[in-house]
Amino acid sequence: MRGVSIIGVAMTDFRKHHDTGIELFVQAGVKALKKSRIDPKDIDALFLGNCLGSFSDKQVHMAPFAHSSIGLRTSVPALRFESACATATVAIINAILLVGSGVYDIVLSGGTEKISDLSTTSATSIFAMATHAQYEALTGITYPGVFAMAANMYADKYKINLKELKGHMAEVAVKNHAHGYENPKAHYRKKITKEDVLNSVMVAEPLQVLDCCPFSDGAAAVVISSTDKAKDLIKNPIHVVGVGQATSGPLYIQHDLTRIITREKASKIAYNQAGILPSSVDICELHDCFTIAEILAIEGLGFYNFGEGYTAATNGDTYLSHAKNSVVNPSGGLKSRGHPIGATGAAQMVEVVEQLRNESGSRQVDGAKIGLIDTIGGDFGTACNIVLKN
Amino acid sequence: MKKLLKFSEYQENIKKGRLLGLLCQECNICMLPSQSSCYMCGNQNLKVKNLKKRGIITTFTVIHIAPAGFKAPYIVAIVRTVDNAYVMGNIIDLNLDKTNIKLIGRNVKIGFNRIIQPNNPYKNIFSLVFTV
(Lines give C-alpha, C1' and ligand atoms only; values in the text may rest on other atoms or scores of the structure.)
Protein backbone atom coordinates (compact mmCIF):
# COMPACT_ATOMS: atom_id res chain seq x y z
CA MET A 1 0.00 0.00 0.00
CA ARG A 2 1.33 3.45 -0.89
CA GLY A 3 1.62 6.21 1.70
CA VAL A 4 -1.58 7.99 2.74
CA SER A 5 -1.76 11.38 4.45
CA ILE A 6 -4.34 13.73 5.87
CA ILE A 7 -4.04 17.15 4.26
CA GLY A 8 -6.96 19.19 5.60
CA VAL A 9 -9.45 18.88 8.45
CA ALA A 10 -12.36 20.99 9.66
CA MET A 11 -15.41 20.71 11.87
CA THR A 12 -18.45 22.73 12.82
CA ASP A 13 -19.11 23.62 16.43
CA PHE A 14 -20.72 20.66 18.20
CA ARG A 15 -23.96 21.90 19.78
CA LYS A 16 -27.62 22.24 18.90
CA HIS A 17 -27.82 23.47 15.30
CA HIS A 18 -30.71 24.66 13.16
CA ASP A 19 -28.94 23.66 9.94
CA THR A 20 -29.65 20.29 8.30
CA GLY A 21 -27.23 17.38 8.47
CA ILE A 22 -26.24 17.97 4.85
CA GLU A 23 -25.70 21.70 5.40
CA LEU A 24 -23.48 20.97 8.39
CA PHE A 25 -21.31 18.58 6.41
CA VAL A 26 -21.02 21.01 3.51
CA GLN A 27 -19.76 23.71 5.90
CA ALA A 28 -17.09 21.39 7.30
CA GLY A 29 -16.23 19.93 3.88
CA VAL A 30 -15.72 23.29 2.17
CA LYS A 31 -13.44 24.43 5.02
CA ALA A 32 -11.44 21.20 4.85
CA LEU A 33 -10.90 21.68 1.10
CA LYS A 34 -9.69 25.24 1.66
CA LYS A 35 -7.26 24.12 4.32
CA SER A 36 -6.01 21.44 1.93
CA ARG A 37 -5.45 24.12 -0.74
CA ILE A 38 -7.55 22.23 -3.25
CA ASP A 39 -10.78 22.82 -5.17
CA PRO A 40 -13.86 20.61 -5.34
CA LYS A 41 -12.73 19.47 -8.80
CA ASP A 42 -9.66 17.81 -7.23
CA ILE A 43 -11.74 15.33 -5.20
CA ASP A 44 -12.03 11.78 -6.56
CA ALA A 45 -14.68 10.44 -4.15
CA LEU A 46 -16.88 11.44 -1.22
CA PHE A 47 -17.22 8.96 1.67
CA LEU A 48 -19.80 10.44 4.01
CA GLY A 49 -20.65 9.05 7.43
CA ASN A 50 -24.19 9.46 8.73
CA CYS A 51 -25.98 7.19 11.15
CA LEU A 52 -29.46 8.45 11.99
CA GLY A 53 -30.38 10.80 9.15
CA SER A 54 -33.03 8.41 7.85
CA PHE A 55 -34.99 9.12 11.05
CA SER A 56 -33.80 12.50 12.33
CA ASP A 57 -33.44 14.33 8.99
CA LYS A 58 -35.99 12.08 7.22
CA GLN A 59 -33.28 11.80 4.60
CA VAL A 60 -31.86 8.76 2.90
CA HIS A 61 -29.38 8.90 0.03
CA MET A 62 -27.68 11.83 1.72
CA ALA A 63 -24.26 11.56 0.07
CA PRO A 64 -25.28 12.73 -3.45
CA PHE A 65 -26.93 15.86 -2.02
CA ALA A 66 -23.79 16.72 -0.04
CA HIS A 67 -21.74 15.96 -3.18
CA SER A 68 -23.64 18.41 -5.39
CA SER A 69 -23.80 21.06 -2.70
CA ILE A 70 -20.02 21.03 -2.29
CA GLY A 71 -19.63 21.13 -6.08
CA LEU A 72 -17.90 17.84 -6.75
CA ARG A 73 -17.67 16.55 -10.30
CA THR A 74 -20.53 14.38 -11.63
CA SER A 75 -18.06 11.58 -12.41
CA VAL A 76 -17.15 11.39 -8.71
CA PRO A 77 -18.87 8.67 -6.62
CA ALA A 78 -20.52 9.62 -3.30
CA LEU A 79 -21.33 6.98 -0.67
CA ARG A 80 -22.96 7.08 2.75
CA PHE A 81 -21.48 4.85 5.47
CA GLU A 82 -23.20 3.66 8.65
CA SER A 83 -21.56 1.79 11.54
CA ALA A 84 -23.39 3.21 14.56
CA CYS A 85 -21.05 5.42 16.62
CA ALA A 86 -18.05 4.35 14.50
CA THR A 87 -19.75 5.63 11.34
CA ALA A 88 -17.28 8.38 10.39
CA THR A 89 -14.22 6.33 11.29
CA VAL A 90 -15.38 3.50 9.04
CA ALA A 91 -15.95 5.98 6.19
CA ILE A 92 -12.45 7.40 6.75
CA ILE A 93 -10.82 3.96 6.93
CA ASN A 94 -12.40 3.00 3.61
CA ALA A 95 -11.14 6.23 2.10
CA ILE A 96 -7.64 5.54 3.44
CA LEU A 97 -7.66 2.02 2.00
CA LEU A 98 -8.80 3.12 -1.46
CA VAL A 99 -6.28 5.95 -1.60
CA GLY A 100 -3.59 3.59 -0.34
CA SER A 101 -4.43 1.03 -2.98
CA GLY A 102 -4.24 3.64 -5.74
CA VAL A 103 -7.92 3.65 -6.74
CA TYR A 104 -8.25 7.33 -5.80
CA ASP A 105 -5.71 10.09 -5.18
CA ILE A 106 -7.80 12.43 -2.99
CA VAL A 107 -10.99 11.57 -1.09
CA LEU A 108 -13.21 13.83 1.01
CA SER A 109 -14.55 11.97 4.02
CA GLY A 110 -16.00 12.55 7.49
CA GLY A 111 -19.50 12.59 8.84
CA THR A 112 -22.52 14.51 10.01
CA GLU A 113 -25.43 14.15 12.42
CA LYS A 114 -28.40 16.29 13.30
CA ILE A 115 -30.40 14.84 16.17
CA SER A 116 -31.27 17.57 18.64
CA ASP A 117 -34.78 18.12 17.26
CA LEU A 118 -35.76 14.71 18.62
CA SER A 119 -37.01 14.24 22.19
CA THR A 120 -34.78 12.32 24.61
CA THR A 121 -37.20 9.38 24.38
CA SER A 122 -37.11 9.37 20.57
CA ALA A 123 -33.35 9.78 20.44
CA THR A 124 -32.89 6.98 23.01
CA SER A 125 -35.18 4.75 20.93
CA ILE A 126 -33.36 5.44 17.68
CA PHE A 127 -29.91 5.00 19.25
CA ALA A 128 -31.10 1.67 20.67
CA MET A 129 -31.78 0.45 17.14
CA ALA A 130 -28.06 -0.38 16.94
CA THR A 131 -28.65 -3.23 19.40
CA HIS A 132 -29.89 -6.56 17.99
CA ALA A 133 -33.54 -5.89 17.09
CA GLN A 134 -34.81 -9.40 17.85
CA TYR A 135 -32.63 -10.62 20.73
CA GLU A 136 -31.64 -7.44 22.60
CA ALA A 137 -33.91 -4.46 21.83
CA LEU A 138 -37.04 -6.29 23.04
CA THR A 139 -35.71 -6.02 26.60
CA GLY A 140 -35.70 -2.21 26.47
CA ILE A 141 -31.91 -2.07 26.58
CA THR A 142 -30.41 1.36 25.87
CA TYR A 143 -26.84 2.47 25.21
CA PRO A 144 -26.36 3.86 28.70
CA GLY A 145 -27.76 0.47 29.78
CA VAL A 146 -25.10 -1.42 27.80
CA PHE A 147 -22.27 0.49 29.43
CA ALA A 148 -23.99 0.41 32.82
CA MET A 149 -23.91 -3.40 32.60
CA ALA A 150 -20.21 -3.18 31.75
CA ALA A 151 -19.64 -0.95 34.80
CA ASN A 152 -21.42 -3.37 37.14
CA MET A 153 -19.46 -6.26 35.68
CA TYR A 154 -16.20 -4.30 36.10
CA ALA A 155 -16.93 -3.65 39.79
CA ASP A 156 -17.80 -7.31 40.37
CA LYS A 157 -14.89 -8.74 38.39
CA TYR A 158 -12.20 -6.63 40.02
CA LYS A 159 -13.87 -6.57 43.45
CA ILE A 160 -14.10 -2.79 43.57
CA ASN A 161 -16.75 -1.22 45.76
CA LEU A 162 -19.30 0.24 43.31
CA LYS A 163 -19.42 3.56 45.18
CA GLU A 164 -15.64 3.83 44.90
CA LEU A 165 -15.76 2.96 41.18
CA LYS A 166 -18.45 5.59 40.61
CA GLY A 167 -16.19 8.19 42.21
CA HIS A 168 -13.40 7.33 39.78
CA MET A 169 -15.84 7.30 36.86
CA ALA A 170 -16.99 10.78 37.88
CA GLU A 171 -13.37 11.94 37.74
CA VAL A 172 -13.27 10.90 34.05
CA ALA A 173 -16.16 13.30 33.40
CA VAL A 174 -14.44 16.05 35.43
CA LYS A 175 -11.24 15.59 33.41
CA ASN A 176 -12.94 15.59 30.00
CA HIS A 177 -15.01 18.66 30.86
CA ALA A 178 -11.79 20.41 31.96
CA HIS A 179 -10.31 19.61 28.54
CA GLY A 180 -13.48 20.59 26.68
CA TYR A 181 -13.54 23.92 28.52
CA GLU A 182 -10.47 24.83 26.46
CA ASN A 183 -12.07 23.71 23.16
CA PRO A 184 -14.06 26.43 21.35
CA LYS A 185 -15.86 23.78 19.27
CA ALA A 186 -17.01 21.71 22.27
CA HIS A 187 -20.70 21.20 23.06
CA TYR A 188 -20.24 21.62 26.82
CA ARG A 189 -17.57 24.17 27.70
CA LYS A 190 -18.31 23.92 31.36
CA LYS A 191 -16.13 22.65 34.17
CA ILE A 192 -17.91 20.24 36.48
CA THR A 193 -17.12 18.63 39.83
CA LYS A 194 -17.24 15.05 41.04
CA GLU A 195 -20.23 16.05 43.19
CA ASP A 196 -22.06 17.42 40.12
CA VAL A 197 -21.72 14.00 38.48
CA LEU A 198 -22.73 12.05 41.57
CA ASN A 199 -25.75 14.31 42.17
CA SER A 200 -27.04 14.18 38.61
CA VAL A 201 -30.14 12.29 37.44
CA MET A 202 -29.89 8.50 37.23
CA VAL A 203 -30.05 7.15 33.65
CA ALA A 204 -29.13 3.47 33.87
CA GLU A 205 -27.67 2.30 37.17
CA PRO A 206 -24.87 3.02 37.94
CA LEU A 207 -24.62 5.68 35.18
CA GLN A 208 -25.97 9.17 35.88
CA VAL A 209 -26.59 11.93 33.35
CA LEU A 210 -23.13 13.46 33.77
CA ASP A 211 -21.56 10.04 33.18
CA CYS A 212 -23.09 10.22 29.69
CA CYS A 213 -22.10 12.11 26.55
CA PRO A 214 -24.70 14.53 25.16
CA PHE A 215 -26.85 14.25 22.04
CA SER A 216 -25.09 16.74 19.74
CA ASP A 217 -25.46 18.10 16.23
CA GLY A 218 -22.40 18.68 14.08
CA ALA A 219 -20.17 17.63 11.24
CA ALA A 220 -16.47 17.07 10.64
CA ALA A 221 -14.56 16.57 7.41
CA VAL A 222 -11.12 15.27 6.49
CA VAL A 223 -9.28 15.25 3.19
CA ILE A 224 -7.27 12.11 2.55
CA SER A 225 -4.54 12.11 -0.09
CA SER A 226 -1.74 9.95 -1.35
CA THR A 227 1.43 11.07 0.44
CA ASP A 228 3.11 11.85 -2.89
CA LYS A 229 0.38 14.28 -3.85
CA ALA A 230 0.06 15.64 -0.31
CA LYS A 231 3.66 16.85 -0.30
CA ASP A 232 2.94 19.01 -3.38
CA LEU A 233 -0.17 20.54 -1.81
CA ILE A 234 0.68 21.51 1.76
CA LYS A 235 3.71 21.88 4.06
CA ASN A 236 2.60 19.69 6.94
CA PRO A 237 0.65 16.57 5.92
CA ILE A 238 -0.10 14.14 8.73
CA HIS A 239 0.65 10.56 7.85
CA VAL A 240 -1.54 7.50 8.37
CA VAL A 241 0.79 4.81 9.74
CA GLY A 242 -1.65 2.23 11.11
CA VAL A 243 -5.27 1.25 10.57
CA GLY A 244 -7.24 -1.49 12.31
CA GLN A 245 -10.91 -2.44 12.26
CA ALA A 246 -12.54 -5.44 13.95
CA THR A 247 -16.06 -6.84 14.22
CA SER A 248 -18.14 -9.01 16.53
CA GLY A 249 -21.78 -9.99 17.00
CA PRO A 250 -24.41 -8.98 19.54
CA LEU A 251 -23.44 -7.86 23.03
CA TYR A 252 -24.65 -10.87 24.98
CA ILE A 253 -22.39 -13.31 23.12
CA GLN A 254 -19.37 -11.23 24.07
CA HIS A 255 -19.43 -12.64 27.61
CA ASP A 256 -16.95 -10.33 29.36
CA LEU A 257 -18.13 -6.76 28.83
CA THR A 258 -15.04 -5.38 30.57
CA ARG A 259 -12.92 -6.61 27.65
CA ILE A 260 -13.98 -5.13 24.32
CA ILE A 261 -12.37 -7.76 22.14
CA THR A 262 -12.97 -5.84 18.91
CA ARG A 263 -10.91 -2.94 20.26
CA GLU A 264 -8.13 -5.23 21.39
CA LYS A 265 -7.94 -6.81 17.90
CA ALA A 266 -8.24 -3.52 15.99
CA SER A 267 -5.66 -1.66 18.05
CA LYS A 268 -3.19 -4.54 17.80
CA ILE A 269 -3.45 -4.44 14.01
CA ALA A 270 -3.01 -0.66 13.98
CA TYR A 271 -0.05 -0.70 16.40
CA ASN A 272 1.65 -3.48 14.41
CA GLN A 273 1.25 -1.61 11.14
CA ALA A 274 2.65 1.52 12.75
CA GLY A 275 5.47 -0.42 14.41
CA ILE A 276 4.74 1.17 17.78
CA LEU A 277 3.80 0.17 21.30
CA PRO A 278 0.89 1.72 23.22
CA SER A 279 3.45 3.60 25.31
CA SER A 280 4.55 5.49 22.15
CA VAL A 281 1.17 7.23 21.81
CA ASP A 282 1.39 10.91 22.81
CA ILE A 283 -2.29 11.76 22.44
CA CYS A 284 -5.38 9.63 22.11
CA GLU A 285 -8.90 10.59 21.17
CA LEU A 286 -10.92 7.63 22.41
CA HIS A 287 -14.53 6.57 22.68
CA ASP A 288 -15.72 7.94 26.05
CA CYS A 289 -19.45 7.81 25.29
CA PHE A 290 -19.82 7.07 29.01
CA THR A 291 -17.30 7.50 31.81
CA ILE A 292 -16.84 3.75 32.22
CA ALA A 293 -16.17 3.56 28.47
CA GLU A 294 -12.97 5.61 28.87
CA ILE A 295 -11.78 3.28 31.63
CA LEU A 296 -12.41 0.22 29.44
CA ALA A 297 -10.69 1.97 26.51
CA ILE A 298 -7.45 2.94 28.26
CA GLU A 299 -7.11 -0.68 29.37
CA GLY A 300 -8.12 -2.21 26.02
CA LEU A 301 -5.71 0.07 24.14
CA GLY A 302 -2.85 -1.11 26.33
CA PHE A 303 -2.21 2.10 28.29
CA TYR A 304 -3.08 0.35 31.58
CA ASN A 305 -3.31 -3.22 32.78
CA PHE A 306 -6.80 -4.69 32.92
CA GLY A 307 -8.49 -3.77 36.17
CA GLU A 308 -6.04 -0.94 36.88
CA GLY A 309 -7.19 1.90 34.61
CA TYR A 310 -10.08 3.06 36.75
CA THR A 311 -7.98 5.41 38.91
CA ALA A 312 -6.17 7.09 35.98
CA ALA A 313 -8.28 10.28 35.85
CA THR A 314 -8.41 10.55 39.65
CA ASN A 315 -4.63 10.35 39.78
CA GLY A 316 -4.34 12.98 37.03
CA ASP A 317 -2.45 10.58 34.75
CA THR A 318 -4.54 11.25 31.64
CA TYR A 319 -4.85 15.05 31.98
CA LEU A 320 -3.57 17.50 29.40
CA SER A 321 -1.61 19.38 32.02
CA HIS A 322 0.32 16.53 33.60
CA ALA A 323 -0.24 13.29 31.70
CA LYS A 324 1.87 10.35 32.80
CA ASN A 325 1.85 8.71 29.37
CA SER A 326 -0.76 9.48 26.71
CA VAL A 327 -3.02 12.48 27.06
CA VAL A 328 -6.53 11.07 26.81
CA ASN A 329 -9.21 13.07 24.99
CA PRO A 330 -7.57 16.51 24.84
CA SER A 331 -10.61 17.74 22.87
CA GLY A 332 -12.93 16.93 25.77
CA GLY A 333 -13.93 13.65 24.16
CA LEU A 334 -17.45 12.58 23.38
CA LYS A 335 -18.33 13.58 26.93
CA SER A 336 -17.63 17.29 26.59
CA ARG A 337 -16.82 18.01 22.92
CA GLY A 338 -20.05 16.16 22.11
CA HIS A 339 -21.20 13.13 20.15
CA PRO A 340 -22.99 13.76 16.86
CA ILE A 341 -22.88 10.05 16.12
CA GLY A 342 -22.06 10.09 12.42
CA ALA A 343 -19.41 12.81 12.86
CA THR A 344 -17.57 11.64 15.97
CA GLY A 345 -14.72 9.66 14.38
CA ALA A 346 -13.96 12.56 12.04
CA ALA A 347 -13.93 15.02 14.95
CA GLN A 348 -11.46 12.73 16.72
CA MET A 349 -9.29 12.93 13.61
CA VAL A 350 -9.61 16.73 13.49
CA GLU A 351 -8.27 16.96 17.05
CA VAL A 352 -5.39 14.53 16.50
CA VAL A 353 -4.33 16.18 13.23
CA GLU A 354 -4.40 19.67 14.79
CA GLN A 355 -2.45 18.44 17.81
CA LEU A 356 0.20 16.85 15.58
CA ARG A 357 0.42 20.14 13.69
CA ASN A 358 0.84 22.15 16.89
CA GLU A 359 -2.39 24.06 16.15
CA SER A 360 -4.38 23.31 19.31
CA GLY A 361 -3.77 26.52 21.23
CA SER A 362 -4.38 26.20 24.97
CA ARG A 363 -5.01 22.45 24.55
CA GLN A 364 -1.72 21.83 22.76
CA VAL A 365 0.22 18.78 23.95
CA ASP A 366 3.83 19.86 23.64
CA GLY A 367 5.84 17.84 21.17
CA ALA A 368 3.02 15.47 20.20
CA LYS A 369 4.28 13.20 17.44
CA ILE A 370 2.06 10.11 17.49
CA GLY A 371 -1.72 10.21 17.86
CA LEU A 372 -4.30 7.45 18.14
CA ILE A 373 -7.99 7.50 17.19
CA ASP A 374 -10.32 4.98 18.83
CA THR A 375 -14.00 4.62 17.95
CA ILE A 376 -16.49 1.94 18.99
CA GLY A 377 -19.72 1.27 17.11
CA GLY A 378 -22.87 -0.28 18.56
CA ASP A 379 -22.63 -2.56 21.56
CA PHE A 380 -18.94 -3.20 20.85
CA GLY A 381 -19.71 -4.81 17.44
CA THR A 382 -17.36 -2.48 15.53
CA ALA A 383 -14.03 -1.09 16.67
CA CYS A 384 -11.72 1.17 14.68
CA ASN A 385 -8.24 2.45 15.41
CA ILE A 386 -6.08 4.77 13.33
CA VAL A 387 -2.51 5.78 14.16
CA LEU A 388 -1.31 9.14 12.82
CA LYS A 389 2.19 10.59 12.81
CA ASN A 390 3.56 14.02 11.90
CA MET B 1 -25.23 -24.17 4.48
CA LYS B 2 -28.73 -24.04 5.90
CA LYS B 3 -29.20 -21.33 8.54
CA LEU B 4 -30.35 -23.14 11.66
CA LEU B 5 -32.91 -21.90 14.16
CA LYS B 6 -34.35 -18.88 12.45
CA PHE B 7 -36.01 -16.23 14.62
CA SER B 8 -39.49 -17.46 13.66
CA GLU B 9 -38.63 -21.05 14.70
CA TYR B 10 -37.11 -19.80 17.98
CA GLN B 11 -40.28 -17.82 18.69
CA GLU B 12 -42.64 -20.69 17.75
CA ASN B 13 -40.83 -22.91 20.24
CA ILE B 14 -41.09 -20.30 22.98
CA LYS B 15 -44.88 -20.53 22.57
CA LYS B 16 -44.50 -24.22 23.41
CA GLY B 17 -42.41 -23.34 26.47
CA ARG B 18 -39.07 -24.30 24.91
CA LEU B 19 -35.90 -22.19 24.81
CA LEU B 20 -33.88 -23.34 21.82
CA GLY B 21 -30.24 -22.59 21.12
CA LEU B 22 -27.48 -23.99 18.96
CA LEU B 23 -24.76 -26.27 20.23
CA CYS B 24 -21.41 -26.32 18.43
CA GLN B 25 -20.43 -29.95 17.98
CA GLU B 26 -16.76 -28.99 17.93
CA CYS B 27 -16.19 -26.59 20.85
CA ASN B 28 -19.38 -27.37 22.81
CA ILE B 29 -20.40 -23.71 23.03
CA CYS B 30 -24.12 -22.99 23.13
CA MET B 31 -25.42 -19.92 21.35
CA LEU B 32 -28.23 -17.72 20.24
CA PRO B 33 -29.32 -16.24 17.83
CA SER B 34 -29.63 -18.19 14.61
CA GLN B 35 -26.37 -18.47 12.74
CA SER B 36 -24.67 -20.74 10.29
CA SER B 37 -21.32 -21.07 12.09
CA CYS B 38 -20.08 -21.13 15.67
CA TYR B 39 -19.04 -17.62 16.73
CA MET B 40 -16.21 -19.04 18.82
CA CYS B 41 -14.52 -21.55 16.50
CA GLY B 42 -16.18 -20.91 13.11
CA ASN B 43 -17.29 -24.53 12.73
CA GLN B 44 -20.50 -25.12 10.78
CA ASN B 45 -21.41 -28.33 12.58
CA LEU B 46 -24.19 -26.94 14.82
CA LYS B 47 -27.13 -28.76 16.33
CA VAL B 48 -30.37 -27.35 17.74
CA LYS B 49 -30.56 -27.90 21.49
CA ASN B 50 -33.42 -27.52 23.94
CA LEU B 51 -31.78 -25.34 26.61
CA LYS B 52 -32.45 -25.70 30.31
CA LYS B 53 -34.32 -22.65 31.54
CA ARG B 54 -31.98 -21.85 34.39
CA GLY B 55 -28.83 -19.78 34.65
CA ILE B 56 -26.86 -17.16 36.56
CA ILE B 57 -26.79 -13.39 36.19
CA THR B 58 -23.49 -12.17 34.69
CA THR B 59 -24.47 -8.48 34.80
CA PHE B 60 -27.49 -6.18 34.95
CA THR B 61 -28.67 -2.57 35.05
CA VAL B 62 -31.77 -0.72 36.15
CA ILE B 63 -32.96 1.45 33.25
CA HIS B 64 -34.36 4.82 34.36
CA ILE B 65 -34.50 6.61 30.99
CA ALA B 66 -36.34 4.26 28.63
CA PRO B 67 -36.86 4.16 24.88
CA ALA B 68 -40.37 4.74 23.50
CA GLY B 69 -42.70 1.84 24.33
CA PHE B 70 -41.05 0.94 27.66
CA LYS B 71 -42.00 2.14 31.12
CA ALA B 72 -39.01 2.80 33.42
CA PRO B 73 -37.69 1.73 35.82
CA TYR B 74 -37.00 -1.88 34.86
CA ILE B 75 -34.07 -4.29 35.01
CA VAL B 76 -32.14 -5.62 32.01
CA ALA B 77 -29.73 -8.47 32.63
CA ILE B 78 -27.47 -10.92 30.84
CA VAL B 79 -27.70 -14.52 32.01
CA ARG B 80 -25.40 -17.45 31.36
CA THR B 81 -27.64 -20.50 31.14
CA VAL B 82 -26.60 -23.81 32.65
CA ASP B 83 -25.92 -24.93 29.06
CA ASN B 84 -23.43 -22.05 28.80
CA ALA B 85 -25.46 -19.91 26.39
CA TYR B 86 -25.62 -16.17 27.06
CA VAL B 87 -29.03 -14.48 26.80
CA MET B 88 -30.42 -11.01 27.48
CA GLY B 89 -33.74 -10.41 29.22
CA ASN B 90 -35.56 -8.61 32.04
CA ILE B 91 -35.43 -9.51 35.72
CA ILE B 92 -39.02 -9.39 37.00
CA ASP B 93 -40.65 -9.88 40.39
CA LEU B 94 -37.81 -8.10 42.18
CA ASN B 95 -38.19 -4.96 44.25
CA LEU B 96 -36.04 -2.38 42.47
CA ASP B 97 -34.81 -1.08 45.84
CA LYS B 98 -33.22 -4.47 46.39
CA THR B 99 -31.00 -4.41 43.32
CA ASN B 100 -27.32 -4.24 44.08
CA ILE B 101 -24.09 -5.63 42.75
CA LYS B 102 -24.69 -8.87 44.63
CA LEU B 103 -27.27 -9.77 41.99
CA ILE B 104 -24.33 -10.81 39.82
CA GLY B 105 -23.86 -14.54 40.27
CA ARG B 106 -27.42 -15.14 41.51
CA ASN B 107 -29.39 -18.06 40.07
CA VAL B 108 -32.45 -17.30 37.95
CA LYS B 109 -35.24 -19.16 36.26
CA ILE B 110 -35.88 -18.20 32.65
CA GLY B 111 -39.38 -17.53 31.37
CA PHE B 112 -41.05 -15.69 28.51
CA ASN B 113 -42.94 -12.44 28.16
CA ARG B 114 -45.20 -11.48 25.26
CA ILE B 115 -44.08 -8.18 23.71
CA ILE B 116 -46.82 -5.63 23.10
CA GLN B 117 -45.41 -2.81 21.03
CA PRO B 118 -47.68 -1.32 18.38
CA ASN B 119 -44.74 -0.17 16.25
CA ASN B 120 -42.73 -3.37 16.39
CA PRO B 121 -42.68 -5.00 12.93
CA TYR B 122 -42.64 -8.46 14.55
CA LYS B 123 -46.06 -9.36 15.94
CA ASN B 124 -46.95 -11.84 18.66
CA ILE B 125 -43.38 -12.36 19.84
CA PHE B 126 -41.77 -13.01 23.21
CA SER B 127 -38.69 -11.83 25.05
CA LEU B 128 -36.94 -13.55 27.95
CA VAL B 129 -37.65 -12.80 31.59
CA PHE B 130 -35.68 -13.90 34.63
CA THR B 131 -36.91 -14.57 38.15
CA VAL B 132 -34.43 -14.59 41.01
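Predicted model: local features only at pLDDT ≥ 70, side-chain atom pairs only at ≥ 80, totals over all residues.
1. Helix 1 of chain B spans residues 7-15, and its buried residues are Phe7(B), Tyr10(B), Gln11(B), Asn13(B) and Ile14(B). Because these residues cover an arc of only 160° around the axis, they lie on the same side of helix 1 of chain B. As for what they meet there, the buried residues of the helix pack against three strands of chain B, namely strand 1 (19-24), strand 7 (107-114) and strand 8 (126-131).

2. Turning to chain A, strand 12 (residues 382-389) has 7 of its 8 residues buried, so this strand is largely enclosed by the rest of the structure.

3. Strand 12 of chain A has strand 8 of chain A (residues 238-247) as a pairing partner, the two running in the antiparallel sense over 8 bridges; within this part of the chain, Val243(A) has Ile386(A) of strand 12 as its bridge partner.

4. Strand 11 of chain A (residues 370-377) also pairs with strand 12 of chain A, in the antiparallel sense and over 8 bridges, and here the bridge partner of Asp374(A) is Asn385(A) of strand 12. Strand 11 and strand 12 of chain A form a hairpin with 4 residues between the strands, in which Gly378(A) takes a positive phi near 65°.

Terms used: Residues numbered from 1 in each chain as written. Chains lettered and ligands numbered in written order. Heavy atoms only, no water. Buried < 20%, exposed > 50% of the residue type's maximum accessible area, 1.4 Å probe, protein only. Arc of directions from axis to C-beta. Contact = heavy atoms within 4.5 Å. Pairing = 2+ DSSP bridges.
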